[in-house]
Amino acid sequence: MSFCFPSTVYQTRQDVENSRSYIDELYSEENCKCQEAIVCLKNAVIGSNKKKGSIISQGIVPRLIALLCNAGKPLQLRIDAGIVLGSLAKGTESQVHSLMRFNTVEVLIAIIFDPNTDERLMETCLGALQTIVQYPFAPLDLIHSDINNIKRLIQIASPRSSFACQMYVVNIFVPLCHSSHQQKNLCQADVIPFLARLMICDNTTLQVPALKCLAAMCFTNKSVSNIVHATYHADRSILDILTALLSRTRDVQVQLSASRCLTYLHRAGSLPAEDYRIVYKTLPCLARLCSDEFEEDTRATAAETLAYLAEIDSELQRLAAISNHLIVSLANLVKCPSVLSRQGAFRCFASLAANDEEIRKRIIEMDGLMEEVLSGLKDGCPEDHSVWRPLMDLLSGDASLELQTVVTSTICNLLLEFSPAKEPMLESGAVEMLCELTKHPDPALRLNGSWALMNMAFQAEQHVKTKIINTLGTDRIFQLLGDRDERVIMKTLGLLRNLLSNTLHIETIMSEHSSEVLRAVSLVLDDPHPPEVKEQAIIIIGNITAGAQDEDYVLQDEKIVKKIRDFLVANDNKLQMGAVFVVRNLLDKSGRQHILRQWGFLENLEQLLHMTPQHSQFYEDIRDEILRFDYSEDH
C-alpha cells in the first residue's frame with residue numbers, strides 16, 4: 001500500500017531534514033562548530049518566513065537565547081545569536097508571539113542595560129528590540145515600568161554613540177507614547193531634548209522617527225504639547241525647528257512628519273489656529289503634499305492630517321479649500337486603488353465641508369467626484385455607478401466598517417443646510433438608505449445614519465420631512481432614542497427638532513403622529529439622561545407648543561406638562577431655561593394662563609425667580625413670563 005502526503009507536509013519534512021545537520025551542531029560545546037552552525041542558520045532564516053517557522057517549531061529559540069546570554073561565549077557567536085533572533089522577529093505575528101513565550105524582550109533589555117555590554121552586541125539587541133516593539137502586543141510595560149529605563153536608552157543613544165544605536169533607540173521610542181501615561185513618562189525622562197537634537201541632525205533616518213515620536217507625544221495631550229511649545233534647543237525653539245523642516249528643500253517625509261507635529265500641537269490647544277505657523281506654513285505644506293507629484297501613501301497621510309488640522313475651525317477649512325488645488329488633488333486621491341488613500345480623501349472632504357455651503361457646493365459639482373465617492377464604497381468594484389446611485393447597495397456591500405464610516409461622515413456634511421446634494425440624493429433613494437443605516441450594528445454607522453437624516457431634515461421641504469418620518473417609522477425612532485450610544489440619541493432628537501421646526505410642518509406631522517411624537521419625547525424625559533439630552537427634548541416640546549395651531553397637543557399630555565413644571569425648579573440651568581421656553585410659547589395663546597396656574601406653573605416660576613441672580617438676563621425673562629399671567633382671572 002502506498003501513501004500520498006500533501007506537498008506542503010513533504011516540503012516541511014524536507015526542510016527539517018536539510019537543516020538538521022547544522023542544527024545539531026548548534027548544541028555543540030565546541031565554539032567553532034557552534035559558530036559554523038549559527039552562520040548557516042542565520043543565512044537560512046533571512047528573508048524566509050517559512051524557514052523562520054520551521055526553526056521556531058524545532059524549539060531552537062531557547063538555545064539561541066542561552067547563547068546570547070552566555071558571557072563566556074565568544075562575542076561573535078553571541079552577536080550572531082542576536083541577529084538570528086532579530087530575523088525571527090521580522091516574521092509573521094504568530095512567529096513573534098512564539099518569541100514572546102521565551103521572555104525574549106526581557107533578555108534583550110537585560111543585555112542592553114548591562115553597562116558591560118559590547119557596543120556591537122548592544123546594536124544587535126537594540127535592532128531586535130526595535131523590531132519587536134512595533135507590534136501592538138509587545139510588552140511595552142517592561143520599558144515603562146521604570147523611568148530610568150527610558151533615561152538609560154537616551155544615554156545609550158548619546159551623540160558619541162554609533163549611528164545604529166541612535167537610530168534603533170529613536171525608533172524604539174515611537175510606539176512607546178500612545179497613552180497619556182506613556183506620553184507623560186517620556187516627557188519626564190527628558191525625551192524631548194533628545195528628539196530635538198535628532199531633528200536638527202540633517203539625517204532623514206534619524207529625523208523622521210524623532211518627528212514621529214514627538215507627534216505621538218503631543219497627540220491630544222495639552223500638558224506635553226505646552227512643554228514642547230516652551231522648549232528650546234541650541235538657542236532655537238522647537239516650534240522654529242519644526243517650521244524650518246516644512247521647507248520644500250527638506251525630504252518629503254521630514255516635511256510630512258513636521259507638519260503632523262505642528263498639527264497635533266494646534267489640536268492639543270498649544271498653538272492657536274491663527275498662528276502663522278499653522279496658517280502660512282503647516283496648512284499649505286499639507287495641501288501641497290496631497291498633490292499628484294508625491295507618492296500615494298504620502299498623499300493619503302497628508303490628507304488625513306489636513307482633515308484633522310481643519311476639522312474644528314471654519315477659517316482653516318476655508319483656507320484649505322482654496323489652497324494649491326486641494327479639492328482637485330483630493331478628487332484624484334479618491335480614484336487611487338488603496339483603501340487608505342480613499343479614506344484620507346474622504347476624511348478631508350468631510351472636514352472641508354463641515355461648515356461652508358460654498359465648499360459643499362464645489363465638492364458636489366466637481367465632475368464625477370461623487371460617483372467616485374460612492375463607488376469607492378465597493379472596494380475595487382468595476383461597476384459604473386451614476387452619481388448617488390444606488391447608495392443602499394453600496395453601503396450594504398463588502399466595504400470595511402472604517403471606510404463606510406468615513407464616507408458616510410462625508411455625506412453627513414454634504415447634506416447640511418441648503419446643500420445641492422439633497423435633491424439628487426433624495427431622488428436616488430438616499431432616505432431609504434440612511435434609514436437602513438440607523439439599524440446597523442456598528443454604533444458609528446448608526447450615528448452617521450441618524451446624523452445625515454437630521455441634516456437632510458434641516459430647513460427641508462414638507463415632502464422631504466414626510467418621507468423621512470414615514471420611511472424611518474415611529475418604532476425605529478423609539479429604538480434610536482433608547483440606543484446605548486448617547487450621540488445617536490442626540491442626533492435622533494436633532495432629527496425630530498428639525499422635522500418639527502415650521503408651523504405648517506408641525507401641524508401636518510402632529511395631526512398624524514402626535515401620540516407617537518409625544519411618547520418619544522416623554523421617553524427621553526423619563527430616562528436618566530444628562531441635562532443636555534433632556535434639553536433637546538424640551539426644545540422639541542417648545543416647538544410643538546409654538547407651531548401647533550389646531551390642538552393643544554402638549555397640554556393634553558398631563559405627564560409632559562408636569563415634567564415641564566418640575567423642570568422650572570430643577571437643579572440645572574439648561575432644564576430651567578428650556579422649561580421657560582415652553583412656558584413662553586404656551587402663553588403666546590390666550591386662555592392658557594388659568595390652566596397653567598392650576599398646574600402650579602406660576603408658583604414654580606416665582607420660586608425660580610428667587611433662585612436666579614437678579615442682574616442676569618434669565619431673571620428678566622422669568623419676570624416677563626410671570627407678568628404675562630392675568631391675575632384678574634382669580635377675582
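Modeller: Met 217 touches Cys 177, Gln 183, Leu 186, Cys 187, Val 191, Ile 192, Leu 195 and Val 224, leaving aside residues up to four places away in sequence. Touching, or contact, means heavy atoms within 4.5 Å. The model is predicted, with local features needing pLDDT of at least 70 and side-chain atom pairs counting only at pLDDT 80 or more, while totals for chains, interfaces and linings use all residues. Residues are numbered from 1 along each chain as its sequence is written, and side-chain values use heavy atoms, with hydrogens and water left out.

Met 217 is one of the residues with the most contacts inside the largest nonpolar core, together with Leu 153, Phe 173 and Leu 242. That core has 130 residues. A nonpolar core is a set of buried Ala, Val, Leu, Ile, Met, Phe, Trp, Tyr and Cys residues joined through side-chain atoms within 4.5 Å. Buried means under 20% relative accessible area, exposed over 50%, and partly exposed in between (1.4 Å probe, protein chains only). Helix H14 gives the most to this core, with 10 residues. Helices (H or I, at least four residues) and strands (E, at least two) are DSSP runs, numbered from the N terminus. A second, separate core has 76 residues, including Cys 412, Ile 509, Ile 544 and Phe 629.

Phe 173 is also one of the buried residues of helix H11, with Ala 164, Cys 165, Gln 166, Met 167, Val 169, Val 170 and Ile 172.

The C-alpha atoms of Ala 128 and Ser 87 are separated by 7.6 Å, although the two residues are 41 apart along the chain.

On a 1 Å grid over the protein atoms alone, a pocket is an open set of points with protein on both sides within 12 Å along at least five of seven lines, a cavity is a set where a 1.4 Å probe fits but cannot get out, and lining residues have an atom within 4 Å of a point. Grid points are joined across faces, edges and corners, and a volume is the space filled by probe spheres set on the points. The second largest pocket holds about 370 Å³. Of its 17 lining residues, Val 174, Lys 212, Ala 215, Arg 260 and Tyr 264 lie nearest the centre. Helices H14 (204-218), H17 (252-267) and H19 (296-310) each give two or more residues to this lining. H17 has the largest share, 5 residues. The lining has 8 nonpolar, 6 polar and 3 charged residues; here Ala, Val, Leu, Ile, Met, Phe, Trp, Tyr, Cys and Pro count as nonpolar, Asp, Glu, Lys and Arg as charged, and the others, Gly among them, as polar.
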